[in-house]
Amino acid sequence: MAKVSNEKKPQMEPLEMKRDLYHMIINGERVTSESNETFTTYNPATGAPLAQVVKATTADAEKAVEAARNAFDFGKWRKYPVNKRARVLNKIAAIMRSRFNELVEVEVLNSGKSLSAAQGQVMQSIEDFEFYAGAIVGHRGTVNNVPGGFFNYTQNEPVGVCAQIIPWNYPMMMAAWKIAPAIAAGCSVVVKPASLTPITAIILTEICHEAGVPEGVVNIVPGPGALIGDYLVEHPKVDKVAFTGSTPTGKDIMAKASQTLKRLTLELGGKSPNIVFDDADIDAAVAGSLFGIFYNTGQSCEARSRLYVHEEIYDEFMEKFIEKTRQLTLGNPLDQGTHLGSIISRSQLEVIDGYVKSAIEEGATVVEGGHELTIEGFEDGFWYAPTIITNVTPNMKAVREEIFGPVVVVQTFTDEKAVVKEANDSEYGLGSAIWTKDQGRATRVAHQIQAGIVMVNCPFSAFPGTPFGGYKQSGFGRELCVETLDLYTEQKSVLSYYGNRPINPFGV
Ligand code: NAD
C-alpha cells in the first residue's frame with residue numbers, strides 16, 4: 001500500500017443517516033468488501049430488516065490494518081500539535097451535536113432502545129469527544145528528580161495501531177469511548193462494531209472524516225467477531241486491543257493478544273450488587289434501583305442485577321419497587337415516554353427467559369414479569385417484561401451469572417459485614433450501589449466492595465471524566481477518564497547528562 005499522501009484533503013461528504021446500505025470505511029473511503037457480500041441489520045423492536053451493511057472479509061481487515069499502520073507510521077495525525085488534534089475532536093462533537101436527533105433516531109432503530117436512553121448515550125458520546133479534546137491538552141509528561149548532572153523527563157507517545165472491538169448494547173457510546181481517547185492520543189484505529197448494531201459506529205467514523213481526521217486514522221470493518229475480531233487481535237501489526245464485551249470473549253482475546261504482547265484493555269461483564277440499608281431514603285432507593293436494573297432494558301454491563309434489601313425495610317421497599325416496576329412503559333422506542341425498549345435479538349431474549357426458568361426450577365419466586373411480551377404494533381419484535389425474582393439463594397444460576405436483560409434477583413440481609421461478603425462473592429467486580437443516609441457506613445462499605453465503580457445514593461454510574469472499568473473478571477483498564485489516555489500512550493523516559501566531567505562507568 002502506498003504511503004499516505006499529505007496532500008489529500010481528508011473530507012467525507014455527509015450522507016443521509018438513514019439509508020439502505022452502509023459501507024466499511026478504510027483509508028478514508030467508503031468501500032465495499034472484497035467478496036462483495038453484505039449482511040442485514042435489523043430493528044429489534046419490530047424484527048424488520050433495517051439496512052444492508054458491507055460485510056468485511058479478512059482481506060478487508062488486512063487492508064484496514066495496513067491503512068491504520070500507514071497513517072500511524074507515515075501520516076500527519078500523530079505529529080499534529082496537540083491543540084490541532086483537540087480542535088478536530090471538538091469539530092467531531094460539533095457535527096454530532098448538529099445532527100443529534102438523526103443520530104438518536106438511527107441508534108433507536110438499530111438497537112431497539114428507548115428514545116430517552118439513546119438521547120443520553122448520544123449526548124454522552126458527544127461529551128466524550130469534548131472531554132478528550134480538553135484532556136489531551138493536559139496529558140503532559142513529567143520531569144523527574146535524579147542525582148546531579150542528569151536531567152530526566154518523560155513524554156507520552158501514541159501506542160500505535162489499535163483494534164477496537166465493541167458490543168451491541170451501547171453501539172454509539174462504546175464507539176465514542178474507544179475512538180475519542182485513541183485518536184486524541186495520536187493513535188490510528190480499526191473499529192469492529194457488533195454485527196447486530198453496526199450503523200452508528202459507521203456514521204461516527206464518517207463524521208470523524210467529515211471533521212478532518214486524515215485518511216487511515218479511523219477505519220471500520222463490520223463483520224463476524226470470531227473472524228474479523230479474531231483476525232485483528234492476532235495481527236502482528238496491531239499494537240493494542242481495546243475490547244468491550246462478554247467475559248468469555250475477553251478471555252479468548254487476552255490469550256490470543258498475549259502471543260504478540262499487545263497492550264490490552266478489557267471491559268467485560270458484570271453482576272453488580274445494589275445494597276439498600278435500613279436507614280436509606282426508601283423512595284430514592286426504589287427509584288435508583290429501578291433505573292439501576294431496567295435502564296437500557298437491563299442490557300447494561302453495570303446493571304445492578306443483585307438487589308440486597310435490609311430485612312427491616314424489605315416489605316415497604318418491595319411494595320414500592322413492584323408498584324413502580326408496573327408503572328414502567330414498554331412500547332414504541334421512539335416515543336419520548338417509553339421507559340424500556342426491546343431486547344436486542346430473539347436469541348438474547350431466549351437467554352433471558354432461560355435464566356428466569358432456571359431460577360423457578362431452583363425454587364425462586366417470580367413476583368413480577370418473567371415472560372415475553374407482545375406489544376401492539378411491534379408484534380414481531382423482541383420484548384420481555386421487567387422481572388423481579390425473590391426467594392433466591394446465593395448459588396442459583398440467576399444469582400451468579402450475568403443475565404443481560406431486565407431481570408433482578410432480590411435477597412435480604414441484616415448485617416453489614418455479611419452483606420458486603422455476599423456482594424463480593426462474585427467472579428465479577430464492575431458496578432455496585434449503596435443506599436444509606438449514614439455517611440460513615442457509605443464510605444466504609446464503598447471501600448470494602450470489590451468493584452471498579454461504587455454508586456452511593458446515586459442512580460448513575462459514569463460521566464465523562466469518571467473512571468469506568470472492573471475488578472476481577474469484569475476486566476481491567478479504565479475508560480472515560482483522563483487515565484484512559486495512559487492506556488493509549490507509551491511513556492518514554494529521556495535521560496540526559498549535562499555535567500561537565502565526562503562519565504566513564506567502566507573506567508577503561
Ligand atoms: P460479545 O463478547 O459477544 O461481543 C463483543 C464484540 O466482540 C462484538 O463486536 C463481537 O463481534 C466481537 N467478538 C466476538 N467473538 C470474538 C472473538 N473471538 N474475537 C474477537 N472479537 C470477537 O459481547 P456482546 O454480547 O456483544 O455484548 C454484551 C457483553 O458486553 C456483556 O457481557 C456485557 O456485560 C459486556 N459489556 C461490558 C461493558 C463494560 O464496560 N464493562 C460495557 C458494555 C457491555
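**View 1. F404 in the loop between α12 and β17.** F404 is found in the loop between α12 (397-400) and β17. Helices (H or I, at least four residues) and strands (E, at least two) are DSSP runs, numbered from the N terminus. The model is predicted, so local features need pLDDT of at least 70 and side-chain atom pairs count only at pLDDT 80 or more, while totals for chains, interfaces and linings use all residues. Residues are numbered from 1 along each chain as its sequence is written, and side-chain values use heavy atoms, with hydrogens and water left out. F404 is not a glycine, yet it has a positive phi of about 60°. F404 counts as buried because its relative accessibility is 17%; buried means under 20% relative accessible area, exposed over 50%, and partly exposed in between (1.4 Å probe, protein chains only).

**View 2. N457 in the loop between β20 and β21.** The loop that holds N457 runs between β20 (455-456) and β21 (471-472). N457 also has a positive phi, about 50°, although it is not a glycine. N457 is partly exposed, because its relative accessible area is 39%.

View 3. Helix α10 covers residues 314-327, which is 14 residues. At 1.5 Å a residue, α10 should span 20 Å, and its end C-alpha atoms are 20 Å apart, so the two values agree. The expected span is 1.5 Å times one less than the number of residues in the helix. The buried residues in α10 include Y314, F317, M318, F321, I322 and T325. They cover an arc of only 120° around the axis, which means that they lie on the same side of α10; the arc is that of the directions from the helix axis to the C-beta atoms. The face turned away from the buried side of α10 carries the exposed residues D315, E319 and R326.

View 4. Contact means heavy atoms within 4.5 Å.

**View 5. The salt bridge between E368 and R326.** The side chains of E368 and R326 meet in a salt bridge, 2.8 Å from N to O. This pair links distant parts of the chain, with E368 in strand β15 and R326 in helix α10, 42 residues apart. A salt bridge is a side-chain nitrogen of Lys or Arg within 4 Å of a carboxyl oxygen of Asp or Glu. Side chains of opposite charge can pair when their charged atoms come close. E368 counts as buried at 17% relative accessibility, whereas R326 is exposed, with a relative accessible area of 52%. The structure holds 25 salt bridges.

View 6. K256 forms a salt bridge with D252, and their closest N and O atoms are 3.1 Å apart. Both residues lie in helix α8 (residues 247-257), where K256 and D252 are 4 residues apart, about one turn of the helix. K256 is partly exposed, with a relative accessible area of 22%. D252 is partly exposed as well, at 36%.

View 7. R441 and E416 meet through their side chains in a salt bridge (3.2 Å, N to O). The pair links distant parts of the chain: R441 is in helix α14 (residues 439-448) and E416 is in helix α13 (residues 416-424), 25 residues apart. R441 is buried, with a relative accessible area of 16%, and E416 counts as buried at 18%. A network of salt bridges links D278, D279, E416, R441 and R444.

**View 8. E37 and its contacts.** E37 has its place in the loop between β3 (29-31) and β4 (38-43). E37 is partly exposed, with a relative accessible area of 40%. Leaving aside neighbours within four places in sequence, E37 is in contact with V54 and K55. The C-alpha atoms of E37 and T57 are separated by 8.8 Å, and these residues are 20 residues apart along the chain.
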